[in-house]
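Student: I've just opened this structure and I'd like to know what the labels on it rest on. Can we go through them together?

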Amino acid sequence: MFWAMLAIGAGFLGLAVLGVLAVKVFVEAQRLGRQVSETTQKINRAAEDLERAAAGVARAGGEAL
């Protein structure tokens, strides 16, 4: 009887540990998703700035001719 109770306790403990790890993975995945979103927005802003600067340089080059 002791071994059966020990096995049930160990199984429950294992499930509890897996549950805690699953919550940690979920939280970190959400944090990573937010960071990816923020980085994408920064890259898009930088690309727009670069496009505006390139247009300005092209206009300045056209005027020099």
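This is a predicted model: local features need pLDDT of at least 70, side-chain atom pairs count only at pLDDT 80 or more; totals for chains, interfaces and linings use all residues.

Student: What does the secondary structure of the chain come to?

Tutor: It comes to 1 helix and 0 strands. That helix is α1, covering residues 2-64.

Student: How do you know that the chain is more spread out than a compact globule?

Tutor: Compare two values. The radius of gyration is taken over C-alpha atoms, and the globule rule is 2.2 Å times the number of residues to the power 0.38. For 65 residues the rule gives 11 Å, but the chain has 28 Å, well over that, so it is more spread out than a compact globule. Along its principal axes, the C-alpha trace spans about 95 × 10 × 5 Å. You can follow it in pieces, too: the C-alpha atoms of Glu38 and Arg52, 14 residues apart along the chain, are separated by 21 Å.

Student: What makes Arg31 and Glu28 a salt bridge?

Tutor: The term needs a side-chain nitrogen of Lys or Arg within 4 Å of a carboxyl oxygen of Asp or Glu. Arg31 and Glu28 meet at 2.7 Å, N to O, so the pair passes the cut-off. Both residues lie in helix α1, 3 residues apart, about one turn of the helix.

Student: Why would such side chains pair at all?

Tutor: Side chains of opposite charge can pair when their charged atoms come close.

Student: How many salt bridges turn up in the whole structure?

Tutor: A search finds 2.

Student: Why is Arg52 called exposed, while Asp49 is called partly exposed?

Tutor: Buried means under 20% relative accessible area, exposed over 50%, and partly exposed in between (1.4 Å probe, protein chains only). Arg52 has 53%, so it is exposed. Asp49 has 42%, so it counts as partly exposed.

Student: What share of the 65 residues counts as buried?

Tutor: 0%.

Student: What makes Leu13, Leu15, Val17, Leu18 and Leu21 a nonpolar surface patch?

Tutor: Patches are made of residues with over 30% relative accessible area and no salt bridge; like charges are joined within 9 Å, and nonpolar side chains (Val, Leu, Ile, Met, Phe, Trp, Tyr) within 5 Å. Take Val17, one of the five: its relative accessible area is 44%, so it is partly exposed. The patch comes to about 510 Å², with areas from the Shrake-Rupley method, a 1.4 Å probe and, for residues, only the protein chains shown as cover.

How values were computed
Residues are numbered from 1 along each chain as its sequence is written. Side-chain values use heavy atoms; hydrogens and water are left out. Helices (H or I, at least four residues) and strands (E, at least two) are DSSP runs, numbered from the N terminus.
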